[in-house]
Amino acid sequence: MITEKDITIRPESAKIGPPIFPTNSVEFVNSLSHYYRGELSRMMSWRDRLDRTTNWAITGVGAMLSVSLSSAQSHHGVLLFAIVLIFMLLFIESRRYRFFHVYRSRVRLIERNYYARILSPRDSIDPVHWMTQLGEDLRLPRFTMTQNQAMARRLRRNYSWLFLILLLAWILKTTTSVLQPGSSQIIHSAGELLNNAALGYIPGWLVLVCILSFYGWLLYIMLKHRETAGELAYGEVHV
């Protein structure tokens with residue numbers, strides 16, 4: 001049981017004061033090193049989430065292809081469902097990429113303006129500029145790219161190939177007609193194509209228009225948000 005004697009009254013002089021800031025170069029280097037490791041850890045955490053989403057997408061495409069192409073009688077609607085599923089994963093991954101890019105930008109800001117100058121002292125960059133930029137970003141964090149820009153980057157890196165594979169598989173399913181179990185042939189008219197592309201009560205022409213519109217929109221996103229030169233340039237190192 002706690003009594004009044006066990007309660008220690010903190011004197012006014014022992015109150016916690018204002019935070020202690022670095023007062024010399026050694027303390028500043030220690031603070032910057034710890035902060036850099038923290039931002040690097042957060043960046044790698046979001047990078048791991050990106051890889052997981054991509055792995056889910058690849059696994060989903062493989063599973064849907066094996067179901068759809070395993071037999072001639074399987075319906076092409078499985079591939080349409082796969083396209084919707086992969087787009088949902090693309091949307092999730094683009095949102096994750098926006099968070100990843102916030103921390104990656106901070107890490108690269110420190111690496112480019114501090115550690116790179118240690119290894120290459122010939123660079124004469126005003127340290128006030130990048131330190132102010134980093135400080136303002138910490139005071140008011142914000143995304144550095146839009147959802148469409150993130151989606152375009154993930155499309156270029158991974159998802160464009162997945163969508164292309166699904167499109168080719170869908171074309172293969174809709175341009176072949178099953179004669180009898182175990183045999184099929186290529187169609188010879190647009191009417192057969194529209195008949196094969198029908199999805200239940202949805203006519204084939206409407207399904208075809210939706211497919212062309214969707215892939216046209218993806219192409220538009222990729223062309224509109226093309227990579228620029230410099231730090232955000234698309235390359236082997238950047239994700």
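Glu 39 and Arg 42 both belong to helix H1 and sit 3 residues apart, about one turn of the helix. In this predicted model, the two residues form a salt bridge whose closest N and O atoms are 2.8 Å apart. Glu 39 is buried, with a relative accessible area of 1%, whereas Arg 42 is partly exposed at 36%.

Glu 39 also meets Arg 106 in a salt bridge, with an N to O distance of 3.1 Å. Because Glu 39 lies in helix H1 and Arg 106 in helix H2, this pair ties together parts that are 67 residues apart in sequence. Both Glu 39 and Arg 106 are buried. Asp 137 joins Glu 39, Arg 42 and Arg 106 in a network of salt bridges.

The structure holds 8 salt bridges. Another of them pairs Arg 47 with Asp 51. These two residues are 4 residues apart in helix H1, so about one helical turn separates them. Arg 47 is partly exposed, at 30% relative accessibility, and Asp 51 is partly exposed at 32%. The table lists the salt bridges described here.

| Salt bridge | Closest N and O atoms |
|---|---|
| Glu 39 – Arg 42 | 2.8 Å |
| Arg 47 – Asp 51 | 3.4 Å |

**Nonpolar cores**

In soluble globular proteins, nonpolar side chains tend to be buried together. The largest nonpolar core in this model has 27 residues. Ile 83, Ile 86, Leu 155, Tyr 159, Phe 163 and Leu 166 have the most contacts inside this core. H1, H2, H4 and H6 are the elements that give two or more residues to the core, and H4 gives the most, with 9 residues.

Ile 86 shows some of these contacts in detail. Apart from its neighbours within four places in sequence, Ile 86 touches Ala 57, Val 61, Tyr 159, Leu 162, Phe 163 and Leu 166. A second, separate core has 17 residues, including Tyr 36, Trp 46, Leu 50 and Val 102.

Met 64 lies in helix H1, which spans residues 25-69. The residue counts as buried because its relative accessibility of 16% is under 20%. Beyond the neighbours within four places in sequence, Met 64 is in contact with Val 78, Leu 79, Phe 81, Ala 82 and Leu 85. The C-alpha atoms of Met 64 and Phe 81 are separated by 8.6 Å, and the two residues are 17 residues apart along the chain.

His 76 is placed in the loop between H1 and helix H2, the latter covering residues 77-119. His 76 is buried, with a relative accessible area of 5%. Two polar contacts involve its side chain. One joins the side chains of His 76 and Trp 170 at 3.0 Å. In the other, a polar atom of the His 76 side chain lies 3.4 Å from the backbone oxygen of Ala 197. Outside the four places in sequence on either side, the residues in contact with His 76 are Trp 170, Lys 173, Thr 174, Asn 196, Ala 197, Ala 198 and Leu 199.

Lys 173 is found in helix H4, residues 147-174. At 13% relative accessibility, Lys 173 counts as buried. Its side chain reaches the backbone oxygen of Ser 68 at 3.2 Å. Leaving out neighbours within four places in sequence, Lys 173 is in contact with Ser 68, Leu 69, Ser 71, Ala 72, Ser 74, His 76 and Leu 79.

**A nonpolar surface patch**

Leu 194, Ile 202, Trp 205, Leu 206 and Val 209 form a nonpolar patch on the surface. Together, these residues have about 420 Å² of accessible area. Helix H6, residues 204-224, supplies the largest share of the patch, with 3 residues. Ile 202 lies in the loop between helix H5 (190-197) and H6. Ile 202 is partly exposed, at a relative accessible area of 36%.

Note on methods
Residues are numbered from 1 along each chain as its sequence is written. This is a predicted model: local features need pLDDT of at least 70, side-chain atom pairs count only at pLDDT 80 or more; totals for chains, interfaces and linings use all residues. Side-chain values use heavy atoms; hydrogens and water are left out. Patches are made of residues with over 30% relative accessible area and no salt bridge: like charges are joined within 9 Å, nonpolar side chains (Val, Leu, Ile, Met, Phe, Trp, Tyr) within 5 Å. Accessible areas come from the Shrake-Rupley method with a 1.4 Å probe; for residues, only the protein chains shown count as cover. A salt bridge is a side-chain nitrogen of Lys or Arg within 4 Å of a carboxyl oxygen of Asp or Glu. Buried means under 20% relative accessible area, exposed over 50%, partly exposed in between (1.4 Å probe, protein chains only). A polar contact is a pair of N or O atoms within 3.5 Å; within protein, one must be able to donate a hydrogen and the other to accept it, and residues adjacent in sequence count only if both atoms are side-chain atoms. Contact means heavy atoms within 4.5 Å. A nonpolar core is a set of buried Ala, Val, Leu, Ile, Met, Phe, Trp, Tyr and Cys residues joined through side-chain atoms within 4.5 Å.
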